[in-house]
Amino acid sequence: DLSGQRVVGGAQIGELGLAALRGHHDRRQHRIGDRGILKRAVAVPELVAEWREQANLPADRVSLEMEQSEPGPQVFADRGHLEEILWNLLGNAWRHSQQLAGSVTLSVRRSLSGRMAVFEVTDDGPGVSSDDRDSIFEPFFSLSGSSGLGLYISRELAEANSGSLELTPHEPGAQFRLLLPSTTMTESSPQ
């Protein structure tokens, strides 16, 4: 049944896909000159705990590995953007994993320079084939029948927060690496 479907960019999407696309357009407007992006220190452990609760997953299904430092891993980003990026990455990882204890791991550490926080989301699923690696961040590209906008929007949000998102080589499964400025880089910078 294609009722409620529209064709955008050659792909059929429903009202939810259109809403996501409209939201993406709104975020792109904020990206110009960073108007509307509220960058601040975000504590990662609390964010992951909230995601686990909202996803209604037992704690052992998604492992969290964090660099041991005080006050704990923090990034300098728009919290709503970081939530959306992690929701997309962790949700995709869970959907494509074996869905067992430890099937998904979120690793958080500082880069060697200390200027960036490094998030790595890894799953134990089938991974991304070499044929699909170049298309994975394209809008409307999907390996699971979804809208195909999640990874595209996540990469755009990462870049809007002076970061990056990439698919890194990893076997078995898939691994996505998100880089965002750490609070150590911005603590001495004027805001």
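Begin by selecting Phe 137, which is buried, with a relative accessible area of 9% (buried means under 20% relative accessible area, exposed over 50% and partly exposed in between, with a 1.4 Å probe and protein chains only). This is a predicted model, in which local features need pLDDT of at least 70 and side-chain atom pairs count only at pLDDT 80 or more, while totals for chains, interfaces and linings use all residues. Residues are numbered from 1 along each chain as its sequence is written, and side-chain values use heavy atoms, with hydrogens and water left out.

The ring centres of Phe 137 and Phe 176 are 6.1 Å apart and their planes stand at 85 degrees, so the pair is edge-to-face (rings of Phe, Tyr and Trp, the last by its six-membered ring, pair if their centres lie within 6.5 Å; planes under 30 degrees apart count as stacked, over 60 as edge-to-face and the rest as tilted). Phe 137 sits in the loop between strand S7 (116–123) and helix H4 (150–160), whereas Phe 176 belongs to strand S9 (residues 175–181), 39 residues apart (helices, H or I of at least four residues, and strands, E of at least two, are DSSP runs numbered from the N terminus).

Next, select Leu 82, one of the buried residues of H3. Leaving aside neighbours within four places in sequence, Leu 82 is in contact with Val 42, Leu 47, Val 75, Phe 119, Leu 178 and Leu 180 (contact means heavy atoms within 4.5 Å).
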